[in-house]
Amino acid sequence: MSIRLPKEISDEEILAHYLFDRSFARKVIEEKKLINKDVFLPNKGGVSLQRTSYCDENMCKSLATRILPDRKFVGFFCFRKLDFLKVKSEYVKSRPEFSAEIKSTPLNENFEYILENVEEVCLDDLGNPAHANLIYLNPAIVGDESPNTAIRSFSRKLSKVCKILIDINPYPDAYLGKKILDVFG
Amino acid sequence: MAILPTFLPLNPDVDKLSILNHRTNYDDPTTLDEQFVDLKDTYYYTFHLQYEKQTLLKEEVLNMFRSFDEDLKISTDVLKQSFLILEGLYPSILESFDIENLTRTPYGTVVLDWEKDSNNFFSLEIGANKIGYFIEKDGVDIKQVDSEDFSTYKNQLVRDLGLFLD
């Protein structure tokens, strides 16, 4: 029997954001070279996350290499949803109108969003049922080549509570690095 | 106009150029004014320091513009604006900048970060037409500037950077 994924992401869930080589200064893959304030910047729309309770490291890596074959996958940047909420509640003290949320946004077999009011999503569905998005609501990201001060600052603050996991296997077959659950205990 | 040369030394830049261009005769100790020579050397080295760091940073930005890597490439407008800003910042501000902290965002803007430590941070973002920045002190933002014209906001930016680096 297939496991149904809850639409609501619990506060204890660990979310993983893919790290590609472009997130590192001069593409040198070292923790200190990570451009941490820019990790959670969306190119457009939301920042893609994986719900690790429903997608292990190998599955996450396999999805990353299939969806974005032209990018070099190097690992994950992980945080609990509860940490996101804490960072946000601190941040709104200096930027009261700031608003952002993390939503479950499962993808179908063509990696397109499944509409919210459609049928329930199960773990063995094709596509990416464990996909989620970090969405900046206010201020939203503005068009190309314009500063996004509030979002960059928030991204930096969120990155401080994240844990980095580097994959030492350069090939797309399996993830070889620290396990997410071991790191979060 | 006869009156003009009288006022020229009041302008510090004119004064600086005048001292830099003044020929010092080191062979004749009677005309050697130590204070004058010190000042001339200081101006000379400051000028070259500013020029070298500024050139280095401009080359880095130019490399981004010329890059074939889509993750690094910037547009002509961002390149122009970045040059304008690098030319407008004081040498001491550029000198304290670590070239590793010159980066590009996924949406094509250029970022310059001055980091004292993980909780004290100044991040300047250069867009095609606007600039934005935030100042983090002890982990909390004490200032955020969303989107301003560099030409009208230059003095405030320089003041904020100066205060941060002080």
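**Chains A and B of a predicted model**

User: Which residues are buried in helix 4 of chain B?

Analyst: In helix 4 of chain B, the buried residues are Val78(B), Leu79(B), Gln81(B), Ser82(B), Ile85(B), Leu86(B) and Gly88(B). Buried means under 20% relative accessible area, exposed over 50%, and partly exposed in between (1.4 Å probe, protein chains only). This is a predicted model, in which local features need pLDDT of at least 70, side-chain atom pairs count only at pLDDT 80 or more, and totals for chains, interfaces and linings use all residues. Residues are numbered from 1 along each chain as its sequence is written, chains are lettered from A and ligands numbered from 1 in the order in which they are written, and side-chain values use heavy atoms, with hydrogens and water left out.

User: What span should helix 4 of chain B have?

Analyst: Its 13 residues, 76-88, should span 18 Å at 1.5 Å a residue, and the end C-alpha atoms are 18 Å apart, which agrees. The expected span is 1.5 Å times one less than the number of residues.

User: Now chain A. How many helices and strands?

Analyst: Chain A has 4 helices and 6 strands, in the order β-β-α-β-α-β-β-α-β-α along the sequence. Helices (H or I, at least four residues) and strands (E, at least two) are DSSP runs, numbered from the N terminus.

User: And what fraction of chain A is buried?

Analyst: Buried residues make up 48% of its 185 residues. The C-alpha trace of chain A spans about 50 × 40 × 35 Å along its principal axes.

User: Where is Leu158(A) found, and what does it touch?

Analyst: Leu158(A) lies in helix 3 (residues 149-159) of chain A and is buried, with a relative accessible area of 0%. Leaving aside neighbours within four places in sequence, Leu158(A) is in contact with Phe40(A), Phe79(A), Phe84(A), Val87(A) and Leu134(A). Contact means heavy atoms within 4.5 Å.

User: How far apart are Leu158(A) and Leu34(A)?

Analyst: They are 124 residues apart in sequence and 14 Å apart in space, C-alpha to C-alpha.

User: Is Ser23(A) buried or exposed?

Analyst: Ser23(A) is buried, with a relative accessible area of 16%. Ser23(A) sits in the loop between strand 1 (14-20) and strand 2 (47-51) of chain A. Apart from neighbours within four places in sequence, Ser23(A) is in contact with Lys33(A), Leu34(A) and Ile35(A).

User: What share of the contacts in chain A join residues at least 24 apart?

Analyst: Among contacts between residues at least 6 apart in sequence, the share is 74%.
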